[in-house]
Amino acid sequence: MLPGAAPMVDNLFLLAVASLGWGLSLATYRLFARSRGWPMGALQADLPFIPVLIGLVGLFSALLFATARGADDGGWVIIVLGLLSAAIWTGFLRVGSQVALFLAPVATFLLLLGWLAVPLGFSERRWATEKPTETLQRRGLLPSESAAPPPSATP
């Protein structure tokens, strides 16, 4: 990687994949559930426009982010991984109707917060542009790479 260049897989990349996957799953779950006899939650069955609307907002936010990021910085990878995660989430797990109702808005909000902070006049969010391992190291959940290994005990 070039010095000063942003890594392709950063936290915004992961949020975009999650937002696209959960959004697409929410927008299409009712179609699959009705044709295959899968269970649906009350919101999916009674007011289906709400999950579809939440899903479309997440889906289009992630697609706009992937477009703005460009093919060289992982835009196509975001789309492919998002489609794959939606297929797994809906097709294999069949949990798209309920859990994604909570996860998709959170992922979409964090994606928009990290991506649009600077254009809206706020300071850049450090967590948005760093690698996931850097975030975990900064939080103290992973040992730092620069830390020296502990000395070995010699008898």
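Me: What makes W127 in contact with residues beyond its sequence neighbours, and which ones are they?
Reply: In this predicted model, contact means heavy atoms within 4.5 Å. Leaving aside neighbours within four places in sequence, W127 is in contact with N11, L12, L15, L110, L113, G114, T135 and R138. W127 itself lies in helix α6, residues 126-129.

Me: How far apart are W127 and R138, in sequence and in space?
Reply: They are 11 residues apart in sequence. Their C-alpha atoms are 9.5 Å apart.

Me: Why is W127 called partly exposed?
Reply: Its relative accessibility is 23%. Buried means under 20% and exposed means over 50%. The value falls in between, so W127 counts as partly exposed.

Me: Why is L103 called partly exposed?
Reply: The relative accessible area of L103 is 29%. Buried needs under 20%, exposed needs over 50%.

Me: Where is L103, and what does it touch?
Reply: L103 sits in helix α5. Not counting residues up to four places away in sequence, L103 touches W22 and W89. L103 and G23 are 80 residues apart in sequence, with 9.2 Å between their C-alpha atoms.

Me: Why is α3 called roughly antiparallel to α4?
Reply: The axes of α3 (residues 49-69) and α4 (residues 75-93) cross at roughly 155 degrees. Angles over 145 count as roughly antiparallel. The crossing angle passes that cut-off, so the label holds. The two axes come within 7 Å.

Me: Which residues make the contact of α3 with α4?
Reply: From α3 come L63, F65, A66 and R69. From α4 come G75, I78 and I79. The contact divides into 5 nonpolar residues, 1 polar and 1 charged.

Me: What makes one residue of that contact polar and one charged?
Reply: Arg counts as charged, and Gly is among the polar residues. The contact includes R69 and G75. R69 is therefore the charged one, and G75 the polar one.

Me: Why is I50 called partly exposed?
Reply: I50 has 29% relative accessibility. I50 lies in helix α3. I50 and A27 are 23 residues apart in sequence and 9.3 Å apart, C-alpha to C-alpha.

Me: What makes I88 partly exposed?
Reply: The relative accessibility of I88 is 36%. I88 is in helix α4. Between I88 and S25 the separation is 63 residues in sequence and 9.2 Å in space, C-alpha to C-alpha.

Me: Which members of the largest nonpolar core touch the most other members?
Reply: They are L12, W22, F65, I78 and L111, of 18 residues in that core. The elements giving two or more residues are α1 (11-36), α3, α4 and α5 (100-116). The largest share, 8 residues, comes from α1.

Me: How many helices and strands does the protein have?
Reply: The protein has 7 helices and 0 strands. Buried residues make up 34% of its 155 residues.

Technical notes. Residues are numbered from 1 along each chain as its sequence is written. This is a predicted model: local features need pLDDT of at least 70, side-chain atom pairs count only at pLDDT 80 or more; totals for chains, interfaces and linings use all residues. Side-chain values use heavy atoms; hydrogens and water are left out. Axes are lines fitted to C-alpha atoms, for helices over the stretch in contact, and angles run from 0 to 180 degrees between N-to-C directions. Helices (H or I, at least four residues) and strands (E, at least two) are DSSP runs, numbered from the N terminus. Angles under 35 degrees count as roughly parallel, over 145 as roughly antiparallel, 65 to 115 as roughly perpendicular and the rest as oblique. A nonpolar core is a set of buried Ala, Val, Leu, Ile, Met, Phe, Trp, Tyr and Cys residues joined through side-chain atoms within 4.5 Å. Buried means under 20% relative accessible area, exposed over 50%, partly exposed in between (1.4 Å probe, protein chains only).
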